[in-house]
Amino acid sequence: MSPLKNDTFLRALLKQPVDYTPVWMMRQAGRYLPEYRATRAKAGSFLDLCKNTELATEVTIQPLERFDLDAAILFSDILTVPDAMGLGLYFAEGEGPKFERPLQHEDDIRRLQLPDMAALSYVFDAVSSIRRALDGRVPLIGFSGSPFTLACYMVEGGGSKEFRIIKSMMYSRPELLHRILETNAQAVTAYLNEQIKAGAQAVQIFDTWGGVLSGEAFETFSLHYMRQIVAGLIREYEGRTIPVILFTKGGGQWLEKMAASGADALGLDWTCDIGQARSRVGSQVALQGNFDPFALFGTPERIEEEVARILAGFGTGSGHVFNLGHGINQHTPPEHAKVLVDAVHRLSRQYHHG
Ligand code: CP3
């Protein structure tokens, strides 16, 4: 493998000195890019695109051709893992992801098995192929959903606003939910370790729905299992540390607990103040975030102002990876994403002294 030409992202995650604040965007490869829509049409469907090594590589690289990003993220989805467990993932047009066989009955939950990693080999093939295509340009991020976030889709059978079914299970049959979460935690650990062996240079755990829980339930049903994953991950590979990023959307209240999980960095959504977050946990972990993705609908001047506000909020020194507080919206003008990336690079140099 070629040596990394730009390791700013990895250095910032480990709070080592950098010349500027590195930046990437959650969901940077996606429908807001016309070239993504063209490749997806060629692949047939979103899942066909994920399973096609060459096309998954192509869409991973697309945002790097447009913007001066400091990391690439594997093009895939968090729901590949429950799909490999036999739940039957499909995407209903305009309705988001769905499962043919959700886990709503005790028998289905008792029968749940760890997925065969061979059923996910298309993901690991994509990782190796992307590493080759990157040729050391920037690091590649691997990812997975958190056990709780995966369980939300597995139990609800798709997206949800209220999480009635999974919360009913949590409060009436917690042992059933724990059985799912335990299986997910083991599956995610194995899945991320395979991504690392295939070439992922950092990994992020997306806990998109942990924030809908009470503090106590977050500890018991989400953080507990993320801690278990972090403890089971390969942390050194190819002579480098593999940093782990935990991102709980809506988790701003629990940063101290999350910082003690063993992760190297915490993702922040836009609702928390990054300066306060840094004073709470900045000696323990790096922080990633936290630009409101809808601020990309503002004028270029307003976008730069918002970038400047976040950079100043974090302040001087390493330990910040600039990102959005959640995935980029599909209606975002691509040229506004360029304004953001360039502004982060230009405005952040004053906060670093090598
Ligand atoms: O960041 C990246 O560029 C990497 C790719 C990536 C995708 N999904 C591609 C995708 C990542 C990291 C994900 C993670 C993911 N998937 C999460 C966690 C992060 C988050 O956004 O909170 C979740 C909850 C999912 C589940 C999922 N997959 C949903 C809810 C949807 C539908 C979204 C919608 O707007 O309809 C998907 C599909 C999906 N995953 C798309 C992409 C680019 C859109 C598919 C398409 O082309 O139609």
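Predicted model: local features only at pLDDT ≥ 70, side-chain atom pairs only at ≥ 80, totals over all residues.
## Contacts with the ligand

A polar backbone atom of Gln28 is 3.1 Å from an oxygen atom of the ligand, while Arg31 takes part through its side chain, with a polar atom 2.4 Å from a ligand oxygen. Taken alone, the ligand would expose 890 Å², and the protein buries 87% of that area.

The shell around the ligand holds 22 residues, and those that come nearest are Arg31, Tyr36, Arg40, Asp77 and His326. Sorted by class, this shell divides into 14 nonpolar residues, four polar ones and four charged ones.

## The largest pocket

The ligand sits in the largest pocket of the model, which has a volume of about 1,600 Å³. Secondary-structure elements that give two or more residues to the lining of this pocket are α2 (34-43), α3 (46-51), β2 (89-92) and β3 (96-99). Among the elements, β2 gives the most to the lining, with three residues.

In total, 45 residues line the largest pocket, and Arg27, Arg31, Asp77, Phe91 and Pro97 are those that lie nearest its centre. Arg31 and Asp77 are named here and also among the residues that come nearest to the ligand.

About 210 Å³ of space lies in the second largest pocket, and 18 residues form its lining, with Ser2, Leu4, Arg131, Gln201 and Glu238 nearest its centre. Two elements, α7 (121-134) and β7 (240-241), each supply at least two residues of this lining, and α7 gives the most, with three. The lining of the second largest pocket divides into eight nonpolar, four polar and six charged residues.

## An enclosed cavity

The model also has one cavity of 30 Å³ or more, and the volume of this largest cavity is about 40 Å³. The residues that line the cavity are Thr248, Gly250, Gly251, Gly252, Leu255, Met258, Gly267, Leu268, Asp269 and Cys272. By class, the cavity lining has four nonpolar residues, five polar residues and one charged residue.

## Two backbone details

Two places in the backbone deserve a separate look. Arg27, which was named above as one of the residues nearest the centre of the largest pocket, has a positive phi of about 60° although it is not a glycine. Arg27 is placed in the loop between α1 (8-13) and α2.

The other place is the peptide bond from Gly289 to Asn290, which is cis, with omega near -10°. Asn290 lies in strand β10, which covers residues 286-291.

Key
Residues numbered from 1 in each chain as written. Heavy atoms only, no water. Near = heavy atom within 4 Å. Polar contact = N/O pair within 3.5 Å; in protein donor to acceptor, adjacent residues only side chain to side chain. Areas by Shrake-Rupley, 256 points an atom, 1.4 Å probe, with all protein chains shown as cover. 1 Å grid on protein atoms, 1.4 Å probe; cavity = no way out; pocket = protein on both sides within 12 Å on 5 of 7 lines; lining within 4 Å. Sits in = over half its atoms within 2 Å of the grid points. Nonpolar A, V, L, I, M, F, W, Y, C, P; charged D, E, K, R; others polar. Points joined across faces, edges and corners; volume = space filled by probe spheres on them. Helix = DSSP H or I, 4+ residues; strand = E, 2+ residues; numbered from the N terminus.
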